[in-house]
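Reader: Could you walk me through how two chains meet in a model, with the cut-offs spelled out?

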Amino acid sequence: MNIPEVLETGVMSVLNIAVLAFLVLYVLFAVVVIKQVKLMSETLELELDQYIEIASYIHLTFAILVLILALIIL
Amino acid sequence: MASAFCYYPKKVNFINQDPEEEIILLLRKHPITNVGWILTAIGLAILPAFLSVFPFFEALPFGFRIISTIVWYMIVFAFVLEEYLSWFFNVNIITDERIIEIDFLNLIYRELTDADIDNIEDVTVKVGGGIRTFANFGDVEIQTAAEIVQITFEAVPRPDVVTKVLRELRVEEEQERLEGRVR
């Protein structure tokens with residue numbers, strides 16, 4: 001390996017770790033969103049509440065799937 | 001049920017609602033106030049289309065490009081979700097007994113302010129600017145004799161109708177008080 005290759009590998013490793021760290025944080029954010037929607041729904045019961053709650057769970061599922069995909073690809 | 005002006009809304013309840021209490025008006029900010037973040041979201045959503053202009057992005061591994069694009073759209077989605085939830089759940093409610101302001105200031109912080117109709121002293125409508133006049137929305141400032149002296153319904157549609165409803169409720173409450181029918 002020459003120096004530019006080592007540098008490139010190092011930079012890519014840092015970027016990969018940064019993306020994975022972000023995705024882990026995003027999964028935590030998706031969990032907080034579920035809590036937030038529950039709190040909001042408890043405060044104000046509306047017809048659309050259940051759909052928003054379902055959307056928040058789909059959001060969390062998607063976030064976990066993307067994290068898994070990133071772990072496989074990167 | 002995603003309207004900004006709901007007169008006698010059905011299937012709506014709020015925390016601490018009395019069993020006999022009836023919701024007369026449910027108000028949100030006028031939908032036009034959402035235009036700013038919707039345009040921002042559209043701008044952010046089309047941004048990755050211009051990334052191919054930069055040669056360094058093309059030089060990145062294919063897998064990384066895919067994941068970083070997905071991550072970008074997740075950020076945009078999170079932004080849209082938060083803005084929508086904020087609009088949808090930050091409401092003002094007028095019942096036959098009191099006025100309530102529900103604010104979610106951030107992800108998990110809730111602020112709920114209420115005042116009895118009896119305590120309303122003064123109602124001021126503020127409609128200023130071209131867009132507000134054109135779309136007929138504005139602020140309704142309600143001065144009360146309660147501990148919290150002012151409750152503001154921000155950027156609500158048809159503020160004149162809101163004021164009229166409040167005036168009728170105050171007259172009704174006054175009538176009930178005179179007749180000794182206070183609940």
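Author: Gladly! Two strands pair if DSSP finds at least two bridges between them, and helices (H or I, at least four residues) and strands (E, at least two) are DSSP runs, numbered from the N terminus. This is a predicted model, in which local features need pLDDT of at least 70 and side-chain atom pairs count only at pLDDT 80 or more, while totals for chains, interfaces and linings use all residues. Residues are numbered from 1 along each chain as its sequence is written, and chains are lettered from A in the order in which they are written.

Reader: How many residues of chain A are in contact with chain B, and what is the area buried between them?

Author: Taking contact as heavy atoms within 4.5 Å, 32 residues of chain A touch 36 of chain B. Buried area is the accessible area (1.4 Å probe) that two parts lose on being put together, summed over both. Carbon and sulfur atoms give 83% of a total of about 3000 Å².

Reader: Which element gives the largest share of the side of chain A that touches chain B?

Author: The elements giving two or more residues to that side are α1 (3–43), β1 (44–45) and α2 (49–73) of chain A. The largest share, 17 residues, comes from α1(A).

Terms used
Side-chain values use heavy atoms; hydrogens and water are left out.
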